[in-house]
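Subject: Handing over the structure

Dear colleague,

Here is the structure I promised to pass on, with my notes following it. Please have it open beside you as you read.

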Amino acid sequence: MTADADVRSPGASAPGLRRGARLRPEEPTMHDHRRLGRELNLFDTDPLMGAGLPYWLPDGAIVRHTLEEYVREAEQRAGYRHVYSPVLGKRELYEISGHWDHYSEDMFPPMDLGSEQVLLRPSLCPHHALIYRSRSHSYRELPLRMAEVGGMYRSELSGVLGGLTRVRAITLNDAHIFCTLEQAVEEARAALELIGRAYADLGIRAARHRLSLPGEGGKYVADPELWRRATALLREVLDGSGIPYEAAEGEAAFYGPKIDVQIADPAGREATLSTVQIDFHQPERFDLHYIGPDGAKHRPVMVHRSVIGSVERAVAHLVEAHGGAFPPWLAPVQLVVLPVADEQAGHAHDLVRRARGLGLRAEVCDPGQGTLAARIRAARLVPYQAVIGGREAAADQVAPRLRDGRRPGALPAAEFLRRIADRVAARGTGLWEAA
């Protein structure tokens, strides 16, 4: 990836490369997600589905679903309420939001539907603005935190498409916080903290933080006071959080500045994964308001925030960052049970049933699939292996092997499963803890 974010970005919904930027022509590296994704049966593409439209195989679907559920749970704990909104909208909706004027070349063409024109949405924020507007709100309800894991679409040029990092159908972890001006800085700061906690649990790190500002040209909403106020608030967020950052002109969304959390792939190429924005533009365009303590109408501030950005790009980065060896809670298969001989097959299948009863993703790799050494090598990316020989079967024990090479010693099967379940429930990246 290049370090350039799309200068026509519709906001938290479009972190990534500048339109027209191309992936480098070199062959994929060993940790390139395009290579690993296919080798590990995570995702693939088909020309009949179309370029930039990957499909997810069962193991990849597990990673994606687990990641989405993790984000939803984290948002719920942070006070977010989840919604669903349609992936289509009338052209008029995006004329009001400003996307049609500032972002239409990145959108799919309008579709005629009777006397109306509808579009595949390039962003979720106009839909969330309408959901907010559909009910009256008191200042006592604010901040109102609205979140969605939803689909959106970008008409990317074929030359920039690549694996999961640049696609035409995007699943976005998006949220919009409607709040008072006095609440905006704290809400944006809390969003940055939520991003930091998620990165720790996922075992990834930010390469740097960037304050993305407008550049020259007509790509941006022409309202100097709006830009000044929003930029000042974001600087306050960053300075108050003690996070080092760099300002970059020409990287803002068309309607306002944003904090971009940059990640780097194994080759050192940067992309934007997570964003936080403070927006005065869309509340004005959609005439949003709340009733203040004085009984009068007041304009809310809209904080845009994406913890993991697009699910596709997040999975691509996780594949590359971990080389396919995902944290235990995220791994497609968390436990492989290895009977030494056919005589232990019944014990192995019983252990898998018990593991699945605890919510673990477990499989048996029986002797028909090769020697024990070969099966151990084949399962090298699985966090936990349980070898069952004659002695272990007789005592309802297992001989554990961890992905990092450690062998904790024979354990009762129930205790082994409990420890794995505890580690998975705790999320994070650690494999094992002493009893």
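Helices and strands are DSSP runs, of at least four and at least two residues respectively, and they are numbered from the N terminus. In those terms Asp-396 belongs to the loop between helix H12 (390–395) and strand E19 (397–402). Please keep in mind throughout that this is a predicted model.

As to confidence, the mean pLDDT of the chain is 90, and 92% of the residues reach at least 70. The exception I would flag is residues 1–27, where pLDDT stays under 50, although the model has 107 contacts beyond four places in sequence for this stretch. Where pLDDT is low, the predicted coordinates should not be read in detail.

On the overall form, the chain is made up of 13 helices and 20 strands, and its C-alpha atoms fill a box of roughly 75 × 50 × 45 Å along the principal axes. The radius of gyration is 24 Å, which agrees with the value near 22 Å that a compact globule of 435 residues would have. Of those 435 residues, 54% are buried, and among contacts between residues at least 6 apart in sequence, 72% join residues at least 24 apart. The accessible surface comes to about 18400 Å², with 51% of that area belonging to carbon and sulfur atoms. For charge, there are 54 positive and 57 negative side chains, and the centres of the two sets lie 3 Å apart.

Some details of the backbone deserve a look. Most residues other than glycine have a negative phi, and most peptide bonds are trans. Against that background, the peptide bond from Leu-142 to Pro-143 is cis, with omega near 5 degrees, and Pro-143 sits in the loop between helix H5 (125–133) and strand E7 (144–153). Asp-287 has a positive phi of about 55 degrees although it is not a glycine; this residue is in the loop between helix H8 (281–285) and strand E13 (290–291), and it counts as partly exposed because its relative accessibility is 46%.

Finally, His-65 is found in helix H2 (residues 58–77) and, at 47% relative accessibility, is partly exposed. The C-alpha atoms of His-65 and Leu-330 are separated by 9.4 Å, although the two residues are 265 apart along the chain.

Note on methods
Residues numbered from 1 in each chain as written. Predicted model: local features only at pLDDT ≥ 70, side-chain atom pairs only at ≥ 80, totals over all residues. Heavy atoms only, no water. pLDDT = per-residue confidence, 0-100. Contact = heavy atoms within 4.5 Å. Rg over C-alpha atoms; globule rule 2.2 N^0.38 Å. Buried < 20%, exposed > 50% of the residue type's maximum accessible area, 1.4 Å probe, protein only. Areas by Shrake-Rupley, 256 points an atom, 1.4 Å probe, with all protein chains shown as cover. Lys, Arg positive; Asp, Glu negative; His and termini not counted. Charge placed at Lys NZ, Arg CZ, Asp CG, Glu CD.
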